[in-house]
Amino acid sequence: MTVTAFAPETEERFALARQVADAVLFEGYVLYPYRASAAKNRLRWQFGVLVPPAWGADCEEHDFQHTECLMEPKADATLSVEARFLHARRRTVQRALPGGDFETVPELHLEDRVLVPWDEGDEERVELVASVEQLLGDGVEFPFLRPARDDTEPVVDAAGRTVGRLVRRSAGISGTVRLSARELDGPYRVLRLTAIVENTTAWTPPEGCAADRDAALPHSLVATHLLMALDAGSFLSMTDPPEWAKGAVAACRNLHTWPVLAGEPGRADLVLSSPIILEDHPAIAPESPGALYDSTEIDEILALRTAALTDEEKREARGTDARAAAVIDLADSMPAEVLERLHGAVRSLREVTGEAGFPDELGVRRPDTPWWDPASDAGFDPEHDTVVVDGRSVGKGSRVELRPGLRHTDAQDLFLQGRTATVEAVLHDVDGTVHLAVTVEGDPGADIRREQGRYLYFQPDEVVPLEDRP
């Protein structure tokens with residue numbers, strides 16, 4: 001096993017996968033409105049936190065991740081592994097005093113930002129390469145150490161005068177990456193790869209489990225995940241394995257993490273093992289203008305809300321974290337055409353009409369005629385159409401008794417069982433299904449519903465006619 005720079009081709013593959021891995025690394029790092037004073041930013045580091053063993057043993061936290069997946073390496077194949085995590089460092093704010101001394105303060109006001117104490121996250125990587133042959137048997141073990149460190153950064157005002165400083169303290173952390181492989185019985189040469197990332201930091205809380213989790217975080221590996229690549233061979237999908245491998249996949253043990261195929265679609269030589277469950281070949285939406293660091297982020301609404309922050313709120317966000325400041329700058333500078341792209345896109349639809357038709361401006365071939373003829377609308381009139389139910393003609397103005405429950409599409413419909421209603425329209429969808437739009441009798445909002453066209457919808461077999469259409 002060697003600890004060295006990856007081969008250029010491997011580094012290129014990792015660079016593509018890191019786009020998604022970065023989203024895992026910074027998931028929930030700082031939440032809108034991106035200020036340290038926000039209550040939801042006071043409980044951070046939720047995913048992939050590997051705490052010191054002495055603290056996690058009795059506190060329902062984990063000090064390791066255990067990944068198992070299947071691979072089909074070729075002869076003389078090597079495995080490249082990159083363990084990634086954040087190292088939390090404590091930042092305090094100090095104000096400059098006459099004579100060159102400094103004092104710690106809860107905040108320091110500058111023209112463009114307000115500096116406050118905060119836990120920053122430094123990205124850490126542990127890189128190693130081992131031949132597949134080395135992994136057989138007992139495998140290999142790689143310990144790593146990140147020593148404690150103190151740094152200071154001067155704070156200057158717009159005139160260039162030193163008005164304070166930031167003091168950052170990183171606690172020492174240590175860990176181990178263990179890799180092993182075992183060949184499985186069967187007609188195919190398949191190996192079960194086991195990768196374990198473990199926090200071995202010797203820090204001991206002074207009061208056992210009663211110690212604040214906040215005290216353990218500087219000694220923890222945060223948002224821990226693995227990237228693993230074969231230079232020759234492939235991995236099997238743990239989500240959608242071939243039929244012959246389903247039993248072996250089911251026997252794999254994955255604790256506090258889950259491996260998926262990563263990198264370019266169609267390739268299977270790279271795996272991302274993440275504390276957040278993903279699909280195979282996850283990708284960042286091409287419309288996304290940049291990281292917003294907000295768990296399960298919704299780019300459009302976050303960009304709009306961030307742009308709407310007051311100047312004072314933006315000053316505090318800029319002073320909270322450099323990444324939060326970048327989000328503020330992104331929202332303030334986002335062109336209208338970029339914001340418009342954030343409305344969303346449908347990616348699951350694919351053309352199934354063959355080569356017939358004509359290409360649109362994106363080069364996608366379209367059929368000569370649409371699959372549904374819009375002119376067919378002319379044959380329907382919701383105001384006058386009728387449908388026969390139990391031998392009676394039902395249309396606009398008909399009174400019916402509601403009998404929902406045949407399909408149980410909406411639990412709220414059960415509260416309407418036996419209520420009488422007035423049919424407002426008879427609608428036909430493109431599949432030929434008939435729907436009755438109704439308003440419930442006795443509903444004080446019925447007139448408003450009619451004005452806005454906000455009806456309740458039932459199918460003909462969910463109503464009983466009380467009279468023919470008037």
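**Close-up views of a predicted model**

**Figure 1. A charged residue placed over the ring of Tyr29.** Arg323 is positioned over the face of Tyr29, 5.1 Å from the ring centre. The model shown here and in the following views is predicted.

**Figure 2. The aromatic pair of Tyr29 and Trp45.** The model contains 6 aromatic pairs. In the pair formed by Tyr29 and Trp45, the ring centres are 5.6 Å apart and the planes stand at 70 degrees; because angles over 60 degrees count as edge-to-face, the pair is assigned to that class. The two residues are 16 residues apart, and the pair links distant parts of the chain. Tyr29 belongs to the loop between helix H1 (8–25) and helix H2 (53–56), and Trp45 is likewise in the loop between H1 and H2. Together with Phe26 and Tyr293, Tyr29 and Trp45 form one aromatic cluster.

**Figure 3. The largest nonpolar core and the surroundings of Leu179.** In soluble globular proteins, nonpolar side chains tend to be buried together. The largest nonpolar core of this model comprises 39 residues, of which Met71, Leu79, Leu135, Leu179, Met228 and Phe235 touch the most other members. Among the elements that give two or more residues to this core are strand E1 (64–73), strand E2 (78–96), helix H3 (132–135) and strand E10 (173–183). Leaving aside residues up to four places away in sequence, Leu179 touches Leu79, Val81, Leu128, Leu135, Asp138, Gly139, Val140, Thr194 and Ala195. Another core, of 30 residues, lies apart from the largest one and includes Leu25, Ala88, Val114 and Leu292.

**Figure 4. An open sheet of 5 strands.** The strands follow the order E23-E22-E21-E20-E24, with antiparallel pairing. Strand E23 (456–458) and strand E24 (463–465) are the edge strands, each pairing on one side only. On average, neighbouring strands of this sheet are turned by 45 degrees against each other, direction ignored. Strand E22 (residues 434–440) is joined to E23 by 3 bridges, and the two run antiparallel. Val438 stands opposite Leu456 in E23.

Figure 5. Thr422 is part of strand E21 (residues 420–428). Its relative accessibility is 18%, so Thr422 counts as buried, the limit being under 20%. Beyond residues up to four places away in sequence, Thr422 touches Gly397, Ser398, Ala437, Val438, Thr439 and Glu441.

Methods: Residues are numbered from 1 along each chain as its sequence is written. This is a predicted model: local features need pLDDT of at least 70, side-chain atom pairs count only at pLDDT 80 or more; totals for chains, interfaces and linings use all residues. Side-chain values use heavy atoms; hydrogens and water are left out. Helices (H or I, at least four residues) and strands (E, at least two) are DSSP runs, numbered from the N terminus. Buried means under 20% relative accessible area, exposed over 50%, partly exposed in between (1.4 Å probe, protein chains only). Contact means heavy atoms within 4.5 Å. Two strands pair if DSSP finds at least two bridges between them. Axes are lines fitted to C-alpha atoms, for helices over the stretch in contact, and angles run from 0 to 180 degrees between N-to-C directions. Rings of Phe, Tyr and Trp (its six-membered ring) pair if their centres lie within 6.5 Å; planes under 30 degrees apart count as stacked, over 60 as edge-to-face and the rest as tilted. A charge sits over a ring if NZ of Lys or CZ of Arg is within 6 Å of the ring centre and within 35 degrees of the ring normal. A nonpolar core is a set of buried Ala, Val, Leu, Ile, Met, Phe, Trp, Tyr and Cys residues joined through side-chain atoms within 4.5 Å.
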